[in-house]
Amino acid sequence: MPKPRQPDPEVHESDYRVPAAIGTAAWAIALVVLVAMGDGLPASETWWIGVCVTGIALGVFGFLYIPRLFRKRDEAADRAAERSTGGDTPAPGAS
């Protein structure tokens, strides 16, 4: 007979912008090192420069998008709570 499943642990919310900023900074440092190497970087390894630029771009996007994502998630939760309590106020943009 299988053991009953334990309940899931509570989700720990934190500021996810910190790891995004740290990761972006790490890619920026790697880019500076690769560019500083100049001709010392073998031609077959120059693709790493593109990887660093992509990492920086994705990190900046994530850093800017995370607050928007949390804001939209909170707004959706507020709308769901309002619907469940039978609020009379229509949602913004609803006609």
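Reply: Lys72 has a relative accessible area of 44% and is partly exposed. Partly exposed lies between buried, under 20% relative accessible area, and exposed, over 50% (1.4 Å probe, protein chains only). Lys72 is in helix 2, residues 47-85; helices are DSSP runs of H or I with at least four residues, numbered from the N terminus.

Me: What kind of model is this, and how are residues numbered?

Reply: This is a predicted model, in which local features need pLDDT of at least 70, side-chain atom pairs count only at pLDDT 80 or more, and totals for chains, interfaces and linings use all residues. Residues are numbered from 1 along each chain as its sequence is written, and side-chain values use heavy atoms, with hydrogens and water left out.

Me: Which residues make the patch of negative charge?

Reply: Asp74, Glu75, Asp78 and Glu82 gather there on the surface. Asp74 is in helix 2 and counts as partly exposed at 44% relative accessibility. Glu82 is also found in helix 2, and its relative accessible area of 32% makes it partly exposed.

Me: Why is the pair of Tyr16 and Phe70 called tilted?

Reply: The structure holds three aromatic pairs. In the pair of Tyr16 and Phe70, the centres are 5.7 Å apart, with 50° between the planes. Rings of Phe, Tyr and Trp (its six-membered ring) pair if their centres lie within 6.5 Å; planes under 30 degrees apart are stacked, over 60 edge-to-face and the rest tilted, so this pair is tilted.

Me: What does the pair of Tyr16 and Phe70 tie together?

Reply: Tyr16 lies in the segment before helix 1 (17-37) and Phe70 in helix 2, so the pair ties together parts 54 residues apart in sequence.

Me: How many salt bridges does a search of the whole structure find?

Reply: The search finds one. Asp8 forms a salt bridge with Arg5, with the closest N and O atoms 2.8 Å apart. The term needs a side-chain nitrogen of Lys or Arg within 4 Å of a carboxyl oxygen of Asp or Glu, so this pair qualifies. Both Asp8 and Arg5 are exposed.

Terms used: Helix = DSSP H or I, 4+ residues; strand = E, 2+ residues; numbered from the N terminus. Patch = residues over 30% accessible without salt bridge, like charges linked within 9 Å, V, L, I, M, F, W, Y side chains within 5 Å. Areas by Shrake-Rupley, 256 points an atom, 1.4 Å probe, with all protein chains shown as cover. Lys, Arg positive; Asp, Glu negative; His and termini not counted. Charge placed at Lys NZ, Arg CZ, Asp CG, Glu CD.
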